[in-house]
Amino acid sequence: MAEPMGFFTDPTVCIGCKACEVACKQWNQLPALDDERSTMSGDSYDNTRKLDGTHWRHVKFVEQFDEDRRDGRWTMLSDVCKHCVQAGCLEVCPTGAIIRTEFDTVVIQSDSCNGCKACIAACPFGVIDINPVSNTAQKCTLCYDRLQVGMEPACSQACPTDSIVFGPVRELRERAARRVDQLHAAGEKRAVLYGADDKMLGGLNAFFLLVDKPEVYGLPPDPKMPSRNLAPGALFTMLGALVVGLVSLFNFRDRRAGEADRD
Amino acid sequence: MIDAPSSTWFTASPHWHWLIVVHFMLSALAGGTYFLSAMIDLAGRESDRRVARLGYLITLPLLAVIGVVLIVDLGRPDRFWHLFIENHTLRPMFKYWVPMSIGSWAVTAFGFFALLSFVAAFAEQRHLDWKFTRRLRPPGWLGTLVAVPGAFFALVITGYTGVMISVLNRPIWSDTPLFGLLFLVSAVTMAGALLVLGARWLGWQSPAMAALQRILTWLLGVQILVLIVLFVSLGPAVRGWLNVWGIALAIGIAIGIVLPLIAARRRGPLGESGLPVAAALILAGGLIVRTAIVFVPEVNAP
C-alpha cells in the first residue's frame with residue numbers, strides 16, 4: 001500500500017477565491033448549477049451552500065462581527081471530505097460500493113452504488129449526497145484518478161495561497177504542527193488542529209487548522225462512528241423479541257390450559 | 001449550529017421520506033401478523049387456526065408491496081441486486097454489521113417462509129385438496145420447521161428498521177440505541193390490532209380474540225416503558241423533539257398507546273364493541289409515531 005495521502009487546510013491563509021471549487025468541478029466534470037438553480041444564497045459570498053453530490057469542495061464564509069460592526073473577523077474555510085481512517089460511510093454501505101484505496105482515501109464507485117442513501121446519513125460531517133446526474137451518492141475522491149498517475153489533486157494544485165496543501169499525511173501533520181506553533185508565537189492562541197491525530201475517527205486524512213470552535217465552521221465537535229449503536233441496539237431489540245415472544249406464548253398457552261382444565 | 005446538543009446535528013439528510021414511512025409501517029404489519037399467526041399456530045388451539053390463517057394471508061401481499069417500495073426508493077432501482085451480489089466480483093454481498101444488508105437478506109428469507117405459510121393458508125381457506133400444503137402449518141414437524149424460522153425472520157424485519165436508523169448518525173435517530181426495541185414492540189402491537197380488526201370485519205368470534213386483547217394491553221404498557229427510557233436516553237438531544245414532529249409524536253402516543261390502554265383498563269367500552277375502536281386507534285397512532293420518527297431529523301439540520 002502506498003503512503004496515506006491527504007490534505008491539510010489552513011483557513012488563516014484562505015482568501016475565498018474559490019479556485020478550488022472551480023478546479024474540482026472542472027476536473028471531475030460536475031455541473032455548475034445548484035439544484036438546477038443558479039441563485040444567490042444571501043449568506044455572505046457563499047452561494048455553494050454545502051457539500052453534496054455535485055459540490056465536492058465548499059468554501060465556507062464565516063463572518064464574526066460585533067453588533068455595531070466596529071470589530072470583526074472574516075474567515076474562509078475550504079471544506080471537503082475528510083477521508084476518515086474510520087469512515088462511517090464505508091462502514092454502512094450495503095453494496096460494497098465505497099472502498100478504501102491504496103492511498104488510504106475513501107472512494108465511492110459510482111457503478112456499484114445503487115443510491116440507497118445510507119452513506120449520506122452515516123457520514124458524521126454531512127459530506128455526501130446524491131448526484132442528480134447519476135442518481136448515485138458521490139463525494140470528493142481526492143482525485144483518485146490523478147493520484148494513480150502521480151498527479152496532485154485539482155483543488156490543491158489550483159489553490160493560490162497554499163491554504164490547501166496535498167501530500168503524505170505524516171508530512172502534513174508535521175507541517176501543520178509547525179504552523180500552529182507559528183500562529184501561537186504570533187499571538188493567535190486559538191489556533192488548533194482538527195482531526196490531525198488519531199483520536200478523531202482514527203484520524204482524518206483531510207484535516208484542518210481552526211482558530212475558533214469547530215461548530216463555528218460547521219464542523220462537529222465530537223464526530224462519531226454510526227456503528228456505536230449497533231451492538232446495544234441489537235441487544236435491546238433481542239430483549240424486545242424475548243418480551244413479545246413470552247407475552248404471546250404466555251397468553252395463548254395460558255388460555256389453552258385454562259380451557260383444557262374447564263373441559 | 002453553535003449550540004447543537006449533539007454532533008449528529010451536523011449530518012446530512014438521506015432524503016428518506018414518505019416511501020420510508022410506508023416501508024416502516026408495512027414491515028411492522030407484515031412481520032407482526034406473521035409472528036402472531038405463528039404463535040397462534042404453535043401455542044393456540046384448533047379453533048384459532050382461522051385467525052392465524054388470516055395473518056398469513058395478510059403477510060405475503062404486504063411483503064410484496066415492501067419489496068416494490070424498497071426498490072423504487074433507490075436512486076438506481078435497476079441496481080437493487082447489488083444488495084445481494086457484489087457487481088464487480090459477482091460474489092454474495094452480506095455485511096453482518098450493516099442493518100440494511102441484514103434487512104435485505106432477512107426480507108428475502110422471510111418472503112420464502114411467508115410464501116409457504118400463505119400457500120398453506122390459501123389452500124385451507126379455499127378448501128383445496130392440496131394435502132401437502134396443510135402440513136406446511138403447525139402442528140407437525142414440517143409446519144413447525146416453517147413457522148419457527150418464519151417467526152424469527154418476522155421479528156427481524158420488524159426490528160431491523162429501528163436498529164438501522166440508530167446506526168445512521170442522524171439527529172434523534174442515533175442519539176439512542178432504543179428504536180429497534182420500540183419498533184419491534186409496536187409492530188407486534190399494531191399487527192395484533194390489525195388481526196382484531198380483520199376478525200371483527202369477518203364476523204369471527206374466535207377465542208383467540210381474548211388472548212389478543214390481553215397481549216395488546218401488555219404490549220401497550222411495554223411501549224410506554226420503552227418510550228420513557230428512550231426519552232431519558234436521548235439526553236440533551238431530546239431538544240430535537242421541540243418542533244412540529246414532537247407534537248405529532250405526542251398525538252401518536254396519545255392516540256395509539258394511551259387511549260387504547262385507558263380503554264383496556266376500564267373494560268366497559270372496550271369490552272366487545274370498544275375493541276375494534278381501540279385497535280383502529282393503535283394502528284392510526286402507530287402510523288403517526290413512525291411518521292414523526294422518520295421526519296424529525298429533517299427539522300434538526302444545521
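Guide: Let us begin with B:Arg137, which has a relative accessible area of 1% and is therefore called buried, since that word is used for values under 20%. Please keep in mind throughout that this is a predicted model.

Visitor: What makes the contact between B:Arg137 and B:Asp41 a salt bridge?

Guide: The closest N and O atoms of B:Arg137 and B:Asp41 are 2.8 Å apart, and a salt bridge asks for a side-chain nitrogen of Lys or Arg within 4 Å of a carboxyl oxygen of Asp or Glu, so the pair counts as a salt bridge. B:Arg137 sits in the loop between α4 (131–134) and α5 (141–166) of chain B, while B:Asp41 belongs to helix α1 of that chain, and the two are 96 residues apart. B:Asp41 has a relative accessible area of 8% and is therefore buried as well. Both residues also take part in a network of salt bridges, whose members include B:Glu46, B:Arg49 and B:Glu124.

Visitor: Which peptide bond is cis, with omega near 0 degrees?

Guide: That bond runs from B:Pro138 to B:Pro139, and B:Pro139 is placed in the loop between α4 and α5 of chain B.

Visitor: How do you know that A:Arg170 and A:Glu3 meet in a salt bridge, and are they buried, exposed or partly exposed?

Guide: From N to O the distance between these side chains is 2.8 Å, and the limit is 4 Å, so A:Arg170 and A:Glu3 form a salt bridge. The pair links distant parts of chain A, with A:Arg170 in helix α6 (residues 169–185) and A:Glu3 in the segment before β1 (5–9), 167 residues apart. The relative accessibility of A:Arg170 is 46% and that of A:Glu3 is 33%; since partly exposed stands between buried, under 20%, and exposed, over 50%, both residues are partly exposed. Over all chains, a search of the whole structure finds 20 salt bridges.

Visitor: Why is the pair of B:Trp18 and B:Phe295 called tilted?

Guide: A pair of aromatic rings is described by the distance of the centres and the angle of the planes. Here the centres of B:Trp18 and B:Phe295 are 4.9 Å apart and the planes stand at 50 degrees; because angles under 30 degrees count as stacked and angles over 60 as edge-to-face, this pair is left as tilted. The pair joins distant parts of chain B, since B:Trp18 lies in helix α1 (residues 18–43) and B:Phe295 in helix α9 (residues 270–295), 277 residues apart. With 53% relative accessibility B:Trp18 counts as exposed, whereas B:Phe295, at 9%, counts as buried.

Visitor: Why is A:Asn114 called buried, and which residues of chain B does it touch?

Guide: Its relative accessibility is 1%, so A:Asn114 counts as buried, the limit being under 20%. A:Asn114 lies in the loop between β5 (106–108) and α3 (118–122) of chain A, and its contacts in chain B include B:Leu74, B:Gly75, B:Arg76 and B:Phe80.

Visitor: What is said about phi of A:Cys143, and is A:Cys143 buried or exposed?

Guide: A:Cys143 has a positive phi of about 45 degrees although it is not a glycine. A:Cys143 is found in the loop between β7 (136–138) and α4 (144–148) of chain A, and its relative accessible area of 6% is under 20%, so this residue is buried.

Methods:
Residues numbered from 1 in each chain as written. Chains lettered and ligands numbered in written order. Predicted model: local features only at pLDDT ≥ 70, side-chain atom pairs only at ≥ 80, totals over all residues. Heavy atoms only, no water. Helix = DSSP H or I, 4+ residues; strand = E, 2+ residues; numbered from the N terminus. Buried < 20%, exposed > 50% of the residue type's maximum accessible area, 1.4 Å probe, protein only. Contact = heavy atoms within 4.5 Å. Phe/Tyr/Trp six-rings, centres within 6.5 Å; stacked < 30°, edge-to-face > 60°. Lists of a residue's contacts leave out its neighbours within four places in sequence.
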